[in-house]
Amino acid sequence: MPMDVAEVAARARTENFPVASLLFPRRLRPHLRAVYGFARLVDILGDEWEGDRLAALDELERELDRCYSPDEDPSWPVMRALKPTILACQLPRRPFLRLIEANRMDQRIGEYESWQALRRYCAHSADPVGRLVLAILGRGDDSQLVAWSDDVCTGLQLVNFLQDVPRDLALGRIYLPAEDRRRFGVVRLDRAVEAEL
């Protein structure tokens, strides 16, 4: 099934997360790379997998369960790389599950009515990454840091949505809230609108 660790890492060359990890202590960088590998893998399964994406995401969740099992090991290379990080950093399962659920949402929901609804999506698609980074740093129990992290991660996700309108449209998704599109008279996004964006 999914690609190996090197292949997932190779797809990250244009993204900020691997660069930002250089700001962290050297001993933590492998853990950050392992979490990043999971985040990339779940996105690849949700956006690019040519088979049954929901089935692939279900299998990823089973692989995640094996990461938390003392009696089983995952079979996918990215998940085998993640298990030692989960154990060493005592990472909670919930953020990983939320990332999987965000990609399930992407299979069911093509657009969002309001910023509030989009914010709920970001609580699954973006905020978990920040929470996992805080957990790696040993700061995952600091509620103020978690709140700030959620705000930053959501903000970065919203900026990403604004940058990726054509790409998301090609995937059948619109992350510009419908209520705002109506307010500004944008009744349909198409290739002509894409060109203007």
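**View 1. Arg 183 is exposed, with a relative accessible area of 60%.** This close-up comes from a predicted model. Arg 183 counts as exposed because its 60% is over the 50% cut-off. Its salt-bridge partner is Asp 180, and the closest N and O atoms of the two lie 3.8 Å apart. Which helix holds Arg 183 and Asp 180? Both sit in helix H11, where a spacing of 3 residues amounts to about one turn of the helix. Asp 180 counts as buried, at 17% relative accessibility.

**View 2. Arg 173 and Asp 106 meet in a salt bridge through their side chains.** Have a look at the N to O distance here, which is 3.8 Å. How many residues separate the partners of this pair, which links distant parts of the chain? Arg 173 and Asp 106 are 67 residues apart. Arg 173 belongs to the loop between helix H10 (165-170) and helix H11 (178-183), while Asp 106 belongs to helix H6. Is Arg 173 buried or exposed? Arg 173 is buried, with a relative accessible area of 3%. Asp 106 is buried as well, with a value of 9%.

**View 3. Within helix H6, Glu 101 pairs with Arg 104.** Their side chains form a salt bridge with an N to O distance of 3.5 Å. Helix H6 spans residues 94-108, and the two partners are 3 residues apart in it, so about one helical turn separates them. Side chains of opposite charge can pair when their charged atoms come close. Glu 101 is partly exposed, with a relative accessible area of 23%, whereas Arg 104 is buried at 12%.

**View 4. The protein chain has 12 helices and 0 strands.** This last view sets the close-ups in context. Read along the sequence, the pattern is α-α-α-α-α-α-α-α-α-α-α-α. Of the 197 residues, 45% count as buried. Among contacts in the protein chain with a separation of 6 or more, 63% involve residues 24 or more positions apart. How many salt bridges does the structure hold? There are 21 salt bridges, including the pairs Arg 183 with Asp 180, Arg 173 with Asp 106, and Glu 101 with Arg 104.

Technical notes: Residues numbered from 1 in each chain as written. Predicted model: local features only at pLDDT ≥ 70, side-chain atom pairs only at ≥ 80, totals over all residues. Heavy atoms only, no water. Helix = DSSP H or I, 4+ residues; strand = E, 2+ residues; numbered from the N terminus. Buried < 20%, exposed > 50% of the residue type's maximum accessible area, 1.4 Å probe, protein only. Contact = heavy atoms within 4.5 Å. Salt bridge = Lys/Arg side-chain N within 4 Å of Asp/Glu carboxyl O.
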